[in-house]
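Thanks for coming. I have one chain to go through today, and I will take it from the overall layout down to single residues.

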Amino acid sequence: MYEKKTFPNLNCGLDLVGEVLYGKWKMRLLWFINEGYLRPSELQRKIPDASRRVINIQLKELEEHELVIRTIYPVMPPKVEYSLTEFGKTLIPVIAAIGNWGDEYQDSLKRVILKGYPQLA
């Protein structure tokens with residue numbers, strides 16, 4: 001299991017948010033859970049570029065940061081669902097604002113991102 005080697009910087013709000021939301025798929029996982037996609041298989045279908053392993057790791061981290069709750073139902077085969085905590089729900093307006101900003105500046109963002117991929121230009 002991976003163990004962090006450096007202590008996080010906890011002196012500023014941006015650093016704190018970065019520690020909790022760092023991970024390529026975490027904001028999307030939170031968003032889709034809020035939209036009603038609760039099971040790991042549903043989340044996997046919504047984010048096909050992410051491996052099942054990475055999704056599970058990031059869901060575990062979100063659970064450790066008290067943003068989601070994992071519920072295991074006693075049925076066979078076992079059924080697992082995720083839901084947002086009250087704390088996790090407070091992030092949804094922030095994620096929505098970031099998404100709206102991305103939509104508004106989509107052309108500019110695509111242009112600057114594609115600069116790093118000259119083979120696609």
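This is a predicted model: local features need pLDDT of at least 70, side-chain atom pairs count only at pLDDT 80 or more; totals for chains, interfaces and linings use all residues.

Residues are numbered from 1 along each chain as its sequence is written, and side-chain values use heavy atoms, with hydrogens and water left out.

First, the layout. The chain has seven helices and two strands; helices here are DSSP runs of H or I with at least four residues, strands are runs of E with at least two, and both are numbered from the N terminus. Reading from the N terminus, the order is α-α-α-α-β-β-α-α-α. The C-alpha trace spans about 50 × 35 × 30 Å along its principal axes. Of the 121 residues, 22% count as buried. For accessibility, buried means under 20% relative accessible area, exposed means over 50%, and partly exposed is in between, with a 1.4 Å probe and protein chains only.

From the record, an unreviewed UniProt entry carries the annotation "domain: HTH hxlR-type" over residues 12-110. UniProt positions are given in the numbering used here, feature names are shortened, and such annotations may be inferred rather than shown by experiment. In the model, that span is 61% helix and 12% strand, and its end C-alpha atoms lie 29 Å apart.

Now the strands. S1, residues 68-73, and S2, residues 79-84, pair in the antiparallel sense over six bridges; two strands pair if DSSP finds at least two bridges between them. Val-68 has Leu-84 in S2 as its bridge partner, and Arg-70 stands opposite Tyr-82 in S2.

Which residues does the cis peptide bond join? The bond is between Met-76 and Pro-77, with omega about -10°. Pro-77 lies in the loop between S1 and S2. Glu-66 lies in the loop between helix H4 (52-64) and S1, and its phi is near 60°, a positive value in a residue other than glycine. As background, most residues other than glycine have a negative phi, and most peptide bonds are trans. Glu-66 counts as exposed because its relative accessible area is 56%.

On to the second largest pocket. A pocket is an open set of points on a 1 Å grid over the protein atoms alone, where a 1.4 Å probe fits, with protein on both sides within 12 Å along at least five of seven lines; lining residues have an atom within 4 Å of a point. The volume is about 260 Å³, taken as the space filled by probe spheres set on the points, with grid points joined across faces, edges and corners. Which elements give two or more residues to the lining of this pocket? They are helix H2 (26-34) and helix H6 (92-104). H6 provides the largest share, four residues. Among the lining residues are Trp-25, Trp-31, Asp-49 and Ile-98.

By class, the lining divides into six nonpolar, one polar and three charged residues. Here Ala, Val, Leu, Ile, Met, Phe, Trp, Tyr, Cys and Pro count as nonpolar, Asp, Glu, Lys and Arg as charged, and the others, Gly among them, as polar.

Thr-85 sits in the loop between S2 and helix H5 (86-89), and its side chain reaches the backbone nitrogen of Gly-88 at 2.9 Å. Thr-85 counts as buried because its relative accessibility is 13%. Gln-44 is in helix H3, residues 40-46, and its side chain reaches the backbone oxygen of Ala-50 at 2.7 Å. Gln-44 has 18% relative accessibility, so Gln-44 is also classed as buried.

Last, two residues with distances attached. Trp-101 is in helix H6 and is partly exposed, with a relative accessible area of 47%. Trp-101 and Val-80 are 21 residues apart in sequence and 33 Å apart in space, C-alpha to C-alpha. Leu-120 is in the segment after helix H7 (106-114), and it is exposed at 58% relative accessible area. From Leu-120 to Asn-9 the separation is 111 residues in sequence and 37 Å in space, C-alpha to C-alpha.

Terms used:
A polar contact is a pair of N or O atoms within 3.5 Å; within protein, one must be able to donate a hydrogen and the other to accept it, and residues adjacent in sequence count only if both atoms are side-chain atoms.
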